[in-house]
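Trainee: Could you walk me through reading a disulfide and a helix in a model?
Mentor: Happy to; let's look together.

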Amino acid sequence: MFNLSNETDYKLLSKTKNYYNFFILTILFLFIAIFTRLIFLSLDNSNSYLSSVRVSSLNALPSIYDYNKNTLAYSDYNYSVKNIKNKVKYLKRNVPLNNILELIYKGDPYIKYEKILTRKYPYSTIINNMIGHTNIDHQGVSLIEKFIDKNNNDVDLSLDIRVQKKIYESLYNDTKNLNPDYAMNVLVDLSSEEIVSNVFLDNREVNRFDQTLLPLKDLKFDFGSVFKTFTVYSALKNQKIDLNEYFDVDQPVYIENKLINDFPRNSNIPMQVADILKKSSNRGAILIRRTLDCQNEFKFDLDQIGLLKSTKIGFGMKSVEPTINNFRGSYCDNIPFGYGLSISPIQLINAYGKIITGRENFEASFEKKEKQKENKYNKISNTINNLLFYANETNNDLYKNFLVAGKTGTADQTISKNEKFQNVTYISFFPYNNPKYLNFTFMQNPKEKYGKFMTAGNTVKPTFYNLLKEIYMYLDLSIINTKSTDI
């Protein structure tokens, strides 16, 4: 114990107190220094601790929103850690600020930090191949990102991310079951001509699509029997057929020297137009086309509904040009049942949109329009819509509940000598007597099926009904007049 009456002990106590005060002051000083360092690091102007900051040279791009103002793309900063000893090596990218502070306290002079302006996509998984991308200089280089980089304004898309998510999840489950190379689904609001959802899934391990592509407009295919609708449309428009007349599809039909087969091969009785669509008769489609002049009627009508030229898709984007392949020496007889004309999905969608709404200038787009357009029904559009409702008959309850009309298409496409693919397509719209929504479902080369045969009816058609069950509550279908019209 200290004896305060002892001068030596008193001086010792006094010295101990001074050391204690000095220690407290030192700790307080260090705490203030560290706290100040934290504050400065968290500020945007903390350049003393973040080297190679490129804030001054990069500009934030406008944001991209969906129909309901959910953010799909925006610019923000992230931090990267690099080691500059000998050769610059990035250790971590997009590092949380707290992790950077831990490294700073270690005091390694070779560890530097970089604050970089980056583009962030909260829904990147489900909007791949659609929004586009930026380069290292934070400039938009593809698709919608390229457009807003030039226009410098925020963008509101017609896309509904809620519906997109539901369709993505449903399509994902079907691709696991059917195992295609890739799959697509597009939902269009016919009254506004807005694309509500656009989902693309690539299941391949190699040769995946370039992320700067938008498959909806940048790829093109032969779509098979969905083209039979256009053949019937042209014949009706030019008053070359009567719905009550019969076509003998049991008689051989040739294109040049090639015998065209049907499935089923023998119908036993001649077919009327409605059953040619329902049973998807190749021979029937050719016989209907042969009532038309190829150039002045059939080809003219294909051009009028947009199948022979590129089309706009919004935000400065255009689809690829169609390709007419005159194989077998007669595209006039091949196109009627779905071969010889390769087009992009958006061209197919727009062509159906024109026919079923009666609006000759129909043009689906990603741009948010919010303007409702009235359908301009005429005798031809009403007839086509009735025919496709009849042709689409299925046991699925949703077929009658939502009056779904549609057409399937199955096409074999040869890429090269060793590469052959099967395209399966289903175009559907509902309700058929007052079309509100149109849906495009597509798969390339499914390995499995839901029925006996590998057709669109056993792959993409049930896929559509699976996803319709998931999304109908999000759609404007509160009033459906279920009164049918006889064909």
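Predicted model: local features only at pLDDT ≥ 70, side-chain atom pairs only at ≥ 80, totals over all residues.

Mentor: Residues are numbered from 1 along each chain as its sequence is written, and side-chain values use heavy atoms, with hydrogens and water left out.

Trainee: Which residues does the disulfide join?

Mentor: A disulfide is a covalent bond between the sulfur atoms of two cysteines. The criterion is a pair of cysteine sulfur atoms within 2.5 Å. Here C294 is joined to C332, with S to S at 1.6 Å. The S-S torsion of C294 and C332 is about -80°, so this disulfide is left-handed.

Trainee: Where do C294 and C332 lie?

Mentor: C294 lies in helix α9 (residues 294–304) and C332 in helix α10 (residues 331–334), so the pair ties together parts 38 residues apart in sequence. Helices are DSSP runs of H or I with at least four residues, strands are E runs of at least two, and both are numbered from the N terminus.

Trainee: Are C294 and C332 buried or exposed?

Mentor: Buried means under 20% relative accessible area, exposed over 50%, and partly exposed in between (1.4 Å probe, protein chains only). C294 is buried at 11%, and C332 is buried at 13%.

Trainee: What follows helix α4?

Mentor: After α4 comes N179, whose phi is positive, near 55°. Buried residues of α4 include I161, I167 and L178.
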